[in-house]
Amino acid sequence: MKKASFYSLARFENRTVAVLRNGYTDGAFYYFRDERYCNTWHAIHPLCGLSVAAAYTRKECAEIAHSLDVLQRISTVLEERGAELTKAFERAVTAAKLEV
């Protein structure tokens, strides 16, 4: 895994916002440790910024994210709502960059 900076979606004060994260990538997903929630690691899908897996270690999180079940669910969601999710993520990232 390589170190990476990336955006993910998060809920703050009843709204969804893009948050710049520092973590890692394996080329398929981004990973970061959320210190607000018991140091849980999250796997973030790069096209929509959503967490697709969570675990207490990065290795376990990556294993879950790359499992056949999770990959099939991601594929199904992206087929049904991929364009909508990607546009919403891009709008949130643009808004986050303008706030800085």
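Student: In which loop is the place of P46?

Tutor: P46 sits in the loop between β4 (40-44) and β5 (51-55). The model is a predicted one, in which local features need pLDDT of at least 70 and side-chain atom pairs count only at pLDDT 80 or more, while totals for chains, interfaces and linings use all residues. Residues are numbered from 1 along each chain as its sequence is written, and side-chain values use heavy atoms, with hydrogens and water left out.

Student: What makes a segment a strand or a helix here?

Tutor: Both are DSSP runs numbered from the N terminus: helices are H or I with at least four residues, and strands are E with at least two. By that definition the chain has two helices and five strands, in the order β-β-β-β-β-α-α from the N terminus on.

Student: Why is the chain called as compact as a globular protein of its length?

Tutor: The radius of gyration, taken over C-alpha atoms, is set against the globule rule, 2.2 Å times the number of residues to the power 0.38. The chain has a value of 13 Å, close to the 13 Å that the rule gives for 100 residues, so the chain is as compact as a globular protein of that length. Its C-alpha atoms fill a box of roughly 35 × 30 × 25 Å along the principal axes.

Student: Why is P46 called partly exposed?

Tutor: Buried means under 20% relative accessible area, exposed means over 50%, and partly exposed lies in between (1.4 Å probe, protein chains only). P46 has 34%, so the residue is partly exposed. Across the chain, buried residues make up 37% of the 100 residues.

Student: Which residues does P46 touch, not counting those up to four places away in sequence?

Tutor: P46 touches A28, F29, Y30 and F89, where contact means heavy atoms within 4.5 Å. By contrast, P46 and R36 are 10 residues apart in sequence and 22 Å apart in space, C-alpha to C-alpha.

Student: How many aromatic pairs does the structure hold, and why is that of F6 and Y30 called stacked?

Tutor: The structure holds three aromatic pairs. Rings of Phe, Tyr and Trp (its six-membered ring) pair if their centres lie within 6.5 Å; planes under 30 degrees apart count as stacked, over 60 as edge-to-face and the rest as tilted. The rings of F6 and Y30 have centres 4.4 Å apart and planes at 10°, so this pair is stacked. F6 lies in strand β1 (residues 2-12) and Y30 in strand β3 (residues 30-34), so the pair ties together parts 24 residues apart in sequence.

Student: Are F6 and Y30 buried or partly exposed?

Tutor: F6 is buried, at a relative accessible area of 4%, whereas Y30 is partly exposed, at 24%.

Student: Why is the pair of F6 and F32 called tilted?

Tutor: The ring centres of F6 and F32 are 6.4 Å apart and the planes stand at 55°, so the pair is tilted. F6 belongs to strand β1 and F32 to strand β3, so this pair ties together parts 26 residues apart in sequence. F32 is buried, with a relative accessible area of 6%. F6, Y30 and F32 form one aromatic cluster.

Student: What makes K97 count as exposed, and where is the place of K97?

Tutor: The relative accessibility of K97 is 52%, so the residue counts as exposed. K97 is in helix α2 (residues 68-99).
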